Amino acid sequence: MSFLSKIRKFLNFGKHDVTTSIHIKTLIVRTNDLDQSKRFYHNTLGLDVLRDHNNSVLLANQNTLMPLIELRGPSKTSSTRYSNANGETDDRLNEPQYHHIGFLLDNKRSWKSFIHHILDQEIPITGTSEANKTISFYIKDPDDNLLEFYTKKETKDHHHYPTRNFNEGHDIEWNLKQVLDTVDDDYVTSTYHFEIAHLHLQVSKLNAQTFRHFFVDGLKALEIESYHPRTLNFKMGSLNILITEVYSRRHNPRMTRQNLEPIIEFPTIGTVKKLTNDLLDLQFPCDVSKGETRTIVEGFTFVCTCPEAQLVAKE
């Protein structure tokens, strides 16, 4: 950390950090088959349907009214007009390349039970992995989106699982045997709570300066150390965003072209307005409408909103 950064940190000590209130409110998933995706997210994963009309399905965690996933059917065009600080507009098609989306389960009990649920539904588990403090497994939805379901490990479990194992595209249920053998009937539950807490983006060429401008200078995120080359890691409250550069020009089976749009919620409309001004000053294209700001960063679309935006939309 530079001397200037230390001074800034000292001056800001004790002040409210707005990033602690930032989280992904909803993830928009554009699908080729709306009915099939609805069956997967509603019947298979167990999300409740809040709204189903006009080529869109809004789903939430069970027994809540908080939207989590919004499925949108095929549209004739995905272009949106954006304006920059000079008022100039351009049309851009959005085809972000997400490595995967991470759903956090609140405890190991729910995570273990959810594994049983997925196996009962005969959904292939395409991979497992373990980090220093988390353990995960992966599946794919009908549009080939890679979904990670993970939980935080307890201290006593640090050495109970393989160090690292990910074998994309193959059924590796045998790797879960040690986990499943420890699951008692008391663990089984029919209700699961998911939080979108991790986004992994992949790019063919990492433009570190642009991403730092957006996440650090614009969203005021904290950049944390990454142990891998050509990788950026940002933290905003409970949200972690990882950006990696593809190491080979050959096809990477773990990277699929996906139409995803994270809706990031800020605490107040004032913070969204300030963010918009900051993004325009940084020359990011912005589409501002009804209290929300939509922008594109290196081909990825981000929507920034707040609870007050719903009131603004009704005016």
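This is a predicted model: local features need pLDDT of at least 70, side-chain atom pairs count only at pLDDT 80 or more; totals for chains, interfaces and linings use all residues.
Reader: Why is Thr305 called buried?
Author: Buried means under 20% relative accessible area, exposed means over 50%, and partly exposed is in between (1.4 Å probe, protein chains only). Thr305 has 1% relative accessibility, so it counts as buried.

Reader: What makes the link between Asp144 and Lys140 a polar contact?
Author: That term needs a pair of N or O atoms within 3.5 Å; within protein, one must be able to donate a hydrogen and the other to accept it, and residues adjacent in sequence count only if both atoms are side-chain atoms. The side chains of Asp144 and Lys140 are joined at 3.2 Å. The side chains of Thr305 and Glu292 make a polar contact too, at 3.3 Å.

Reader: Why is strand S19 said to be largely enclosed?
Author: Because 6 of the 6 residues of S19 are buried, the rest of the structure largely encloses the strand. Phe300, Phe302 and Cys304 point one way from S19, while Thr301, Val303 and Thr305 point the other way.

Reader: How do you know which strands pair with S19?
Author: Two strands pair if DSSP finds at least two bridges between them. Strand S16 (residues 260-265) has 3 bridges to S19 and runs parallel to it, with Ile263 opposite Val303. Strand S18 (residues 292-297) has 5 bridges to S19 and runs antiparallel, with Thr295 opposite Phe302. S18 and S19 form a hairpin with 2 residues between them, and Glu298 in the turn has a positive phi of about 50°.

Reader: What makes Trp111 and Phe137 a tilted pair?
Author: Rings of Phe, Tyr and Trp (its six-membered ring) pair if their centres lie within 6.5 Å; planes under 30 degrees apart count as stacked, over 60 as edge-to-face and the rest as tilted. By this rule the count comes to 17 aromatic pairs. Trp111 and Phe137 have centres 6.0 Å apart and planes at 55°, so they're tilted. Trp111 sits in helix H3 (residues 108-120) and Phe137 in strand S9, 26 residues apart.

Reader: Why are Phe114 and Tyr192 called edge-to-face, then?
Author: Their ring centres are 5.1 Å apart and their planes are at 65°, so the pair is edge-to-face. Phe114 lies in helix H3 and Tyr192 in the loop between helix H4 (177-180) and strand S11 (194-203), so the pair ties together parts 78 residues apart in sequence. Phe114, at 0% relative accessibility, counts as buried, and so does Tyr192 at 6%.

Methods. Residues are numbered from 1 along each chain as its sequence is written. Side-chain values use heavy atoms; hydrogens and water are left out. Helices (H or I, at least four residues) and strands (E, at least two) are DSSP runs, numbered from the N terminus.
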